[in-house]
Amino acid sequence: MSREYRENRGGYGRDNRRNDASERRNARGGRREYDSERKDKRGSYGERSCGESRGRNYDFDNKRSSRRDERAYKDFDEENEVSTDYKPDVDMSDTLLEGRNAVLEALRSDRSIDRVLVLDGNHDSGLGSIITELKKHPQTKLEFVSKQRLDQISITGGRHQGVIAYAAAYNYAELDDIFAKAETKGEKPFVFLLDGIEDPHNLGAIIRTANMAGAHGVIIRMNRAVGLTATVAKASAGAINYTPIVKVTNIARTIDELKERGLWFVCADMGGESMYKLNLDGAIGLVIGNEGKGVSELVRKKCDMIASIPQFGDIDSLNASVAAGVLAYEVVRRRVSAAK
């Protein structure tokens with residue numbers, strides 16, 4: 001092969017190849033300097049947005065962690081026949097506890113904790129102690145989530161140590177507290193059961209109505225429902241201080257337990273019988289369903305009566321808290337009439 005051919009092969013000689021190799025080395029060096037400057041400005045690459053600098057791999061990692069996070073919410077409660085795909089919005093007025101010691105000591109002090117979020121895949125002994133302590137608190141929900149989700153929720157700049165807890169704004173009561181209050185007042189028990197109320201303003205309004213209607217307590221469920229947040233307390237206009245709120249893991253099972261203690265149950269549903277035709281006297285439990293889905297099928301079957309509210313307007317339904325108020329005061333009307 002002649003020198004002239006080698007140098008002119010494909011129009012691309014040795015000198016040109018050397019020049020291109022030099023340019024590639026310079027480009028890599030410039031890229032390293034650029035990355036170094038960006039790292040100095042941002043502190044670490046952990047703050048990059050999805051797909052930035054690392055391209056497809058970083059984007060894939062985020063999508064994979066997002067899918068894992070979603071799967072944590074996609075379990076199914078067969079007993080309540082309700083999907084757990086509800087993802088509550090983060091309310092920054094809620095009492096957030098961040099860090100292993102803060103969460104662990106809150107659990108040990110018997111403070112009411114609604115939910116504990118733990119970093120998925122972390123086997124650190126500190127987090128193990130928290131999970132062990134949670135076994136003593138069946139009413140506290142444990143969720144395994146991605147670091148990305150913890151960072152989004154954190155109000156301490158990501159210094160959560162892999163664990164964040166939602167503390168209730170007020171302590172929860174027990175079922176016996178409801179019956180004790182009814183006995184003290186010399187009345188037959190009147191209880192609200194909320195099957196998946198998600199809006200904190202609705203829960204607060206229902207607690208306020210329950211107190212004004214003379215109900216002896218409100219029962220809420222643990223999963224896929226709002227707890228006693230600061231927003232709920234504000235919406236209740238102070239009624240939360242005087243009304244026992246009980247959190248249970250299963251509404252249907254709680255209904256069976258309360259039936260053994262003499263209560264009858266009526267749920268609100270548009271397909272039911274007019275509330276004016278039903279016997280709402282005596283010890284009664286009023287069941288109000290989720291804002292969008294209503295009362296779950298299993299809970300509906302457990303109820304003794306299904307009540308509908310007469311409607312004469314152009315829209316389909318009432319707000320959950322309004323429906324609770326209308327039915328509650330029909331119960332009040334019956335009790336007042338019976339007392340005369």
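Predicted model: local features only at pLDDT ≥ 70, side-chain atom pairs only at ≥ 80, totals over all residues.
In what order do the 4 strands of the open sheet stand, and what is the sense of their pairing? Side-chain values rest on heavy atoms, with hydrogens and water left out.

The strands of the open sheet follow the order β3-β6-β4-β5, and their pairing is mixed. Here strands (E, at least two residues) and helices (H or I, at least four residues) are DSSP runs numbered from the N terminus, and two strands are taken to pair if DSSP finds at least two bridges between them. The edges of the sheet are formed by β3 (95-98) and β5 (141-145), each of which pairs on one side only. Neighbouring strands are turned against each other by 20° on average, direction ignored; such angles run from 0 to 180 degrees between the N-to-C directions of axes, which are lines fitted to C-alpha atoms, for helices over the stretch in contact. In general, the strands of a sheet pair through backbone hydrogen bonds, either parallel or antiparallel. Between β4 (residues 113-119) and β5 the pairing is parallel and extends over 5 bridges, and L119 stands opposite V145 in β5. Helix α4 (residues 100-108) lies across β3, β4 and β6 (163-167), and runs at about 120° to β3.

A total of 14 salt bridges is found in the structure, a salt bridge being a side-chain nitrogen of Lys or Arg within 4 Å of a carboxyl oxygen of Asp or Glu. Within helix α4, E105 and R108 lie 3 residues apart, about one turn of the helix, and they form a salt bridge in which the closest N and O atoms are 3.3 Å apart. E105 is partly exposed, with a relative accessible area of 46%, and R108 is likewise partly exposed, at 48%; on this scale, buried means under 20% relative accessible area, exposed over 50% and partly exposed in between, computed with a 1.4 Å probe on protein chains only. Another salt bridge joins the side chains of K185 and E187 at 4.0 Å from N to O, with K185 partly exposed at 42% relative accessibility and E187 partly exposed at 35%.

A further salt bridge is formed by R221 and D195, whose closest N and O atoms are 2.8 Å apart. Because R221 belongs to strand β8 (residues 217-221) and D195 to strand β7 (residues 190-195), this pair ties together parts that are 26 residues apart in sequence. Both R221 and D195 are buried.

The charged end of R115 sits over the ring of Y166, at 4.2 Å from its centre, and the charged end of R261 sits over the ring of F179, at 3.9 Å from its centre; the criterion requires NZ of Lys or CZ of Arg to be within 6 Å of the ring centre and within 35 degrees of the ring normal. The structure holds 1 aromatic pair. The ring centres of F190 and F192 are 5.5 Å apart and their planes lie at 45°, so the pair is classed as tilted. For this classification, rings of Phe, Tyr and Trp (its six-membered ring) pair if their centres lie within 6.5 Å, with planes under 30 degrees apart counted as stacked, over 60 as edge-to-face and the rest as tilted. Both F190 and F192 are buried.

R224 lies in the loop between β8 and α9 and is buried, with a relative accessible area of 7%. A237 lies in the loop between α9 and β9 and is partly exposed, at 49% relative accessibility. The loop between α9 (230-235) and β9 (245-248) also holds S236, which counts as buried at 0% relative accessibility. Leaving aside neighbours within four places in sequence, S236 is in contact (heavy atoms within 4.5 Å) with G204, I207 and R208.

Definitions and conventions:
Residues numbered from 1 in each chain as written.
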